Amino acid sequence: NFFDWQTESTSFEAMAMYGSSRPSLTGHGEAAAVNGRRVPASFLPIFGLQPILGRTFTPADEAEGAARVAILAEPFWRSRFGADPSIV
């Protein structure tokens with residue numbers, strides 16, 4: 001239904017959807033389940049958001065077989081990684 005709404009809408013400049021997930025974070029300290037969202041590359045620009053460090057998602061990130069990328073919420077970045085900018 002979303003793709004039909006997106007195609008047929010004349011009221012909105014842009015639309016995006018998201019899905020929830022609960023991935024496990026490993027590789028730094030103990031493994032932890034985290035709250036996640038799967039969003040398209042167009043999601044952050046709709047809200048005028050930019051990451052503090054690094055980059056936003058790109059359409060290339062959505063391609064079949066593309067490497068997975070993530071953007072961390074600032075509170076999580078601070079609590080889990082001590083706001084270390086070198087993790088980008």
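Ile52, Leu53, Leu72, Ile87 and Val88 make up a nonpolar surface patch with about 440 Å² of accessible area together. Areas come from the Shrake-Rupley method with a 1.4 Å probe.

The model is predicted; local features need pLDDT of at least 70, and side-chain atom pairs count only at pLDDT 80 or more, while totals for chains, interfaces and linings use all residues. Numbering starts from 1 along each chain, and side-chain values use heavy atoms, without hydrogens and water.

Two residues are set out below; buried means under 20% relative accessible area, exposed over 50%, and partly exposed in between.

| Residue | Relative accessibility | Class |
|---|---|---|
| Valine 88 | 65% | exposed |
| Threonine 56 | 17% | buried |

Valine 88 lies in the segment after α3 (74-81). Threonine 56 sits in the loop between α2 (43-46) and α3. Leaving aside residues up to four places away in sequence, threonine 56 touches Leu44, Leu49, Gln50, Pro51, Asp61 and Ile71, a contact being heavy atoms within 4.5 Å.

The largest pocket has a volume of about 1,800 Å³. Of its 41 lining residues, Phe57, Val69, Ala70, Ile71 and Leu72 are the closest to its centre. Lining residues have an atom within 4 Å of a pocket point. α3 gives the most to this lining, with four residues.

Definitions and conventions:
Patch = residues over 30% accessible without salt bridge, like charges linked within 9 Å, V, L, I, M, F, W, Y side chains within 5 Å. Salt bridge = Lys/Arg side-chain N within 4 Å of Asp/Glu carboxyl O. Helix = DSSP H or I, 4+ residues; strand = E, 2+ residues; numbered from the N terminus. Buried < 20%, exposed > 50% of the residue type's maximum accessible area, 1.4 Å probe, protein only. 1 Å grid on protein atoms, 1.4 Å probe; cavity = no way out; pocket = protein on both sides within 12 Å on 5 of 7 lines; lining within 4 Å. Points joined across faces, edges and corners; volume = space filled by probe spheres on them.
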